[in-house]
Amino acid sequence: MNLSIAGAPRKIVLLQGPVGPFFAEMYKAFSQQGFSVKRFTFNAGDRLFAKHDNCIRFAGDLSDWEACFRAEIAQNWPEAIILFGANRPIHQVARRVAKEYGVNVISLEEGYLRSGYITCEPGGNNQHSPLTNWSRCDQSPVFTSADTQLRKPAPGISSFRTQCLWGALYYLSRDTFSGASEENLFHRAKERPLPLAWSWAAHMARRAAAHVTEARAIGRLYRNPGYVLVPLQVSHDSQIQTASRGWNTKKLINACLEAQADTPVKQQIVFKLHPLERNGARLKRHILRQAKQMGLPQQSVQVIAAGQMGKLAANASGMILINSTSAFCALHNGIPILVLGDAIFRHEAVVTTGETRSDIKAFFQARQAKQQDLINAFIADLKMQSLIPGDFYVATGREIAIAEILEELNQQTIRIGARRKARA
């Protein structure tokens with residue numbers, strides 16, 4: 001569906017996308033639909049996956065970028081800005097400026113529910129999502145089964161290894177070939193190429209080994225439910241940096257171990273390392289050392305890198321996290337959750353919210369799952385309002401996602417036109 005007005009092409013601006021060719025393919029697909037597409041690149045990693053005609057290479061600091069972006073909006077007034085990662089510094093500036101000018105922002109992220117979904121929201125994701133204001137006074141979902149058919153995940157999508165490959169190519173290119181003036185806007189710190197390549201190779205080797213060395217321990221967890229599960233996030237995750245309410249990985253670890261030590265009835269606690277956490281071995285040593293210093297029984301603390309999050313969550317008696325989307329695995333299974341940071345699911349109707357070490361201790365001593373019908377209502381709204389089928393990294397998933405984003409953009413245009421007509 002092409003909604004061009006009076007033959008004029010519809011203007012779209014693309015900023016940074018996920019690692020890999022997703023934005024390049026979206027650029028091509030939108031251009032074929034008659035859009036006038038412009039893309040900004042900010043480093044050599046962006047340019048590696050941006051072989052288009054209408055690309056603008058930007059270098060400078062945030063104040064330079066704001067001036068450049070304001071000029072772009074004022075002169076060309078695009079229909080929408082599409083970006084990946086609402087919390088990246090360049091995207092925070094772009095979202096703020098676009099809001100001032102009344103220009104739509106379509107913000108993409110990894111799917112809140114995985115796999116087979118991506119997140120696609122107006123304005124922003126996570127703590128900026130429209131669903132952070134979600135409330136449900138009644139206890140009945142508003143969507144019928146026919147409605148939720150529209151938000152089924154794309155079938156057969158499993159992209160972790162492909163994502164790692166694209167990520168390695170992107171960051172090696174970014175850190176090797178970017179100019180000095182482009183480093184000002186890196187959303188992750190620069191690393192030297194050879195140590196970076198070695199670090200990723202070693203990490204992937206450790207992950208492969210963990211599936212073998214941890215098989216027995218994980219099997220015991222599946223057979224002996226009732227542990228407290230703590231999913232750890234990547235240390236440089238933007239959600240840790242911008243929406244954690246002061247929490248970080250080590251602070252969470254120490255607070256959970258202290259709560260366990262202070263609880264009269266000792267419970268097994270399981271720390272699950274994030275698949276992309278390259279400092280996992282160091283974190284594991286820290287956890288086991290702290291547990292030993294606190295006098296906790298060895299069998300009461302476990303650190304794992306392998307295992308399926310869905311199965312681990314289903315067998316837990318509770319989950320403690322900052323704002324990891326692992327929470328949805330627990331929500332599906334009616335497991336009590338303590339959320340310490342800002343997140344799209346930080347609603348008292350669906351989780352227990354906390355901020356302090358005392359909240360963690362209280363959760364260790366007593367916890368209760370929320371009403372499943374309210375949880376189901378929230379997840380139904382999430383699927384309808386925030387998720388679309390697809391994937392950023394696998395070819396079939398990218399094709400599905402791009403078609404869905406195009407449809408989402410067209411629907412936004414129709415809604416805006418209807419509102420303007422109503423006001424007139």
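**Close-up views of a predicted model**

View 1. The buried residues of α3 are Trp 65, Glu 66, Phe 69, Glu 72 and Ile 73. Viewed down the axis of α3, these residues fall within an arc of 130°, and they therefore line one face of the helix. An α-helix has 3.6 residues a turn, so residues three or four places apart point the same way.

**View 2. Extent and end of helix α3.** Helix α3 comprises 15 residues, 62-76. From its first C-alpha to its last it reaches 21 Å, close to the 21 Å expected at 1.5 Å a residue.

**View 3. Arg 174 in helix α6.** Arg 174 is located in helix α6, residues 160-177. Its relative accessible area is 2%, so it counts as buried. Neighbours within four places in sequence aside, Arg 174 is in contact with Asn 43, Ala 44 and Gly 45, and also with Phe 186, His 187, Arg 188, Ala 189 and Lys 190.

**View 4. The largest nonpolar core.** This core has 65 residues, and those with the most contacts inside it are Leu 252, Phe 271, Ile 320 and Ile 360. Helix α10 (residues 249-262) gives the most to the core, with six residues. Not counting residues up to four places away in sequence, Ile 360 touches Trp 247, Leu 252, Ala 255, Cys 256, Ala 259, Ile 320, Leu 338 and Leu 340. Another core, of 30 residues, lies apart from it and includes Ile 106, Leu 108, Ile 118 and Ile 405.

Notes. Residues numbered from 1 in each chain as written. Predicted model: local features only at pLDDT ≥ 70, side-chain atom pairs only at ≥ 80, totals over all residues. Heavy atoms only, no water. Helix = DSSP H or I, 4+ residues; strand = E, 2+ residues; numbered from the N terminus. Expected span 1.5 Å × (residues − 1). Buried < 20%, exposed > 50% of the residue type's maximum accessible area, 1.4 Å probe, protein only. Arc of directions from axis to C-beta. Contact = heavy atoms within 4.5 Å. Core = buried A, V, L, I, M, F, W, Y, C linked by side-chain atoms within 4.5 Å.
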